[in-house]
Amino acid sequence: MHPTTDNPPGPATTPSARPGLLLSMGPGIADRLLAPRHHTRLSALTRTNSRLVGHELTDPTPEVAAALAGAEVLLTCWGAPPLTAGVLAAAPRLRAVVHAAGSVKHHITDACWARGIAVTSAAAANALPVAEYTLAAILFTNKRVLHTAHRYRALRAPHDWQRELATAGNYRRTVGVIGASRIGRRVIDLLRPFDLRVLLHDPYVDAAEAAHLGATSVPLDTLCADSDIVTVHAPELPATRHLLGARELALMPDGATLINTARGSLVDEAALLPELTRGRLNAVLDVTAPELPPPASPLYDLPNVLLTPHVAGSLGGELHRMADLALDEIERYTRGRPFADPVYPEGLHRSA
């Protein structure tokens, strides 16, 4: 469930001085991704019109088509169109794709790997805000902040909170992390300063590596049964669909909380909803299946559910962190150095 960490290969040949570069991403993304300093740096490193964005590469405008034909590097982000064999045929000079976001599965095709195009992503930069969101959710959940806020709003009077919250708090509680992905590892690292016991389930991580990370490796059933909080950080794969189903959810202790910032498909929502409706379990859900729950979904109104619209990842100014990392990779490329964070096709079956 975690990415490969092999040493990246160097460029096949020396890159051009100030290589041609084209931006390719969804409408409006570049305006949020790139600050003025990024435009300045891009112009210094490459030959580019950093205000020109190829939203469509299969049937591009003449200006985009000309830039694509001369591009040695593509700078992509969310909403980038697939780099099909046809697109690559129109980009004969293309040698590298730098993705200023996380997963490349949506636009990097088999044709890219067959061509030998070097690929890198800013997944490490996008992992940090997700891990920070998860950390905040863990600490607030153990303090029963959501429950207390609802109760306080309803009571509006003096109350014995110490008695009602006698089982709350973060001291020596158990957090179960599913998936030693970039984000899962970041979460474990952020939990180090706290008096929490951390369990980890990942079929690709042995006991020694888990201990090095700061966690105890356990089977999934043990993690579910022993954790006050279960937080999901595994990739979306056929093997992980409904990884947490009725049986696994039933193993979770009464009052436990499920946090999902990965993908909605990893949790069987049909099995989760009865547990939430009865109040036996709590949830912090940044992702659901479908991603936008229907208007009548109970998830919007249940007092024991914190539902957010897939905002745990890079948001607002956090996009600039991804741009910084991407431009660092572009600078490495222009100097003929290997990417610091390459993506390999053989690792995609275990990544998001």
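Which residues does Glu331 touch, not counting residues up to four places away in sequence? Select Glu331 in this predicted model and show its surroundings: the residues touched are Arg41 and Leu45, with those up to four places away in sequence left out.

**Stop 1: Glu331.** Colour residues 319–334 to see helix 14, where Glu331 sits. Then display the side chains of Glu331 and Arg41, which are joined by a polar contact of 2.7 Å.

**Stop 2: the cavity.** The structure holds 1 cavity of 30 Å³ or more, and the largest cavity has a volume of about 50 Å³. To outline the largest cavity, select its lining: Asn260, Gly264, Val267, Glu269, Leu272, Leu285, Val287, Thr288 and Ala289. Colouring this lining by class gives 5 nonpolar residues, 3 polar and 1 charged.

**Stop 3: the second largest pocket.** Move on to the second largest pocket, which holds about 640 Å³ of space. Its lining comprises 30 residues; to centre the view, select Thr141, Arg144, His147, Thr257 and Asn282, which lie nearest the pocket's centre. Now colour helix 6 (123–142), helix 7 (145–155) and strand 10 (282–285), the elements that give two or more residues to this lining. Helix 6 supplies the largest share, 6 residues. Switch to colouring by class, and the lining of the second largest pocket shows 14 nonpolar, 11 polar and 5 charged residues.

Methods:
Residues are numbered from 1 along each chain as its sequence is written. This is a predicted model: local features need pLDDT of at least 70, side-chain atom pairs count only at pLDDT 80 or more; totals for chains, interfaces and linings use all residues. Side-chain values use heavy atoms; hydrogens and water are left out. Helices (H or I, at least four residues) and strands (E, at least two) are DSSP runs, numbered from the N terminus. A polar contact is a pair of N or O atoms within 3.5 Å; within protein, one must be able to donate a hydrogen and the other to accept it, and residues adjacent in sequence count only if both atoms are side-chain atoms. Contact means heavy atoms within 4.5 Å. On a 1 Å grid over the protein atoms alone, a cavity is a set of points where a 1.4 Å probe fits but cannot get out, and a pocket is an open set with protein on both sides within 12 Å along at least five of seven lines; lining residues have an atom within 4 Å of a point. Grid points are joined across faces, edges and corners, and a volume is the space filled by probe spheres set on the points. Ala, Val, Leu, Ile, Met, Phe, Trp, Tyr, Cys and Pro count as nonpolar, Asp, Glu, Lys and Arg as charged, and the others, Gly among them, as polar.
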